[in-house]
Amino acid sequence: MRVLSGIQPSGALHLGNYFAMMKRMIEYQEKHELFCFIVNYHALTSVRDSEYLRQNTYAACVDFLALGIDPNRSYFYVQSDIPEVTELTWLLSNVTEMGLLLRAHSYKDKVEKGIEPNHGLFAYPVLMAADILLYGANFIPVGKDQKQHVEMTRDIAQKFNYNYGETFVLPEPEIIDDLATIPGTDGQKMSKSYGNTINLFASKEELKKRVMSIVTDARAVEEIKDPDTCNLFALTSLFLDAERKAELRQRYLRPGLKYGEVKKELIEIIWNYFEPYRDKHEELLNRPDYVHDVMRAGAAKTRLIAVEYLEKARNAVGLNY
Ligand code: TRP
């Protein structure tokens, strides 16, 4: 089975990205044919600073590699290293109805928020459909916010297949529920755009600052606390097995718990969790030539599949004159 998903390099990757997507993708390598990519073409819909995009793209490659994406076993690549995807986008555009794109929640939300829409933002779902259909992917692990985009991909593929004959595999979304439950330091969903993230591989100083800034309620030490409404509890739980989570819950339900103490514990927990990856991360950050070679090789391997699907599609629509 082919599993495919990607992450936009529109900022430093954080615990929300890790628990919602990266960790899962790294585990999927064991069981599935995995396609994992850094979505830099899509990031252009919001990032205007070229240096920022370059740096974050590179940093995302390093983060994934340090955390255990195995480029020999999986297809790991940068979206723009497979230019075939833009050609497929054009072929798909012509079977994509305007009405479908106008109904996209993500587009409508952004316009409502006052973001001035450009054509890239409007066509975003078509490029995403091309990302998926170019490799015949079956399962697409995404957060709820992306579910509609995968459904649109199915729609577009169906239209294409209906008109031109069976060409594309219809993908299924695999909805990641945890995504909504990974709170940022302020309790909203962890997201770069809310400024509430705890970044992967932050320095110890930075990590301390971020964890100490986690918002908790004002209950006094001698009061009992409510684990189920506490972001500090939710964040700490991500790292605990069932038994340790139950212990922490008990501490919340007895008088005497100090949030400051839980925060100090959380700093160490996060620090130790990523400790096994830190050396590799440091090393890769300092070997850009090596990282670029790895990404180029990843793209070359992935392209073999891309050209096959693109050729099928080109023939199907009649570009093979
Ligand atoms: N739109 C996705 C997001 O922002 C990223 C993405 C682009 C993607 N292409 C994809 C995810 C293909 C899954 C499959 O989260």
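Me: Which domains does the domain assignment give for the protein?
Reply: The assignment gives domain 1 (2–181 + 287–317) and domain 2 (202–273); such bounds come from an automatic or database domain assignment. This is a predicted model, in which local features need pLDDT of at least 70, side-chain atom pairs count only at pLDDT 80 or more, and totals for chains, interfaces and linings use all residues. Residues are numbered from 1 along each chain as its sequence is written, and side-chain values use heavy atoms, with hydrogens and water left out.

Me: How many residues of domain 1 are in contact with domain 2?
Reply: Four residues of domain 1 contact four residues of domain 2, where contact means heavy atoms within 4.5 Å.

Me: And what area do they bury between them?
Reply: The two domains bury about 420 Å², 79% of it on carbon and sulfur atoms. Buried area is the accessible area (1.4 Å probe) that two parts lose on being put together, summed over both. Leu15, Tyr18 and Phe19 supply 85% of the area that domain 1 buries against domain 2, more than any other three residues.

Me: Changing topic: which residues come nearest to the ligand?
Reply: Gln8, Tyr124, Met128, Asp131 and Gln146 come nearest among the 14 residues around the ligand, counted when one of their heavy atoms lies within 4 Å of it.

Me: What about glutamine 146?
Reply: A polar side-chain atom of glutamine 146 lies 2.9 Å from a nitrogen atom of the ligand.

How values were computed: A polar contact is a pair of N or O atoms within 3.5 Å; within protein, one must be able to donate a hydrogen and the other to accept it, and residues adjacent in sequence count only if both atoms are side-chain atoms.
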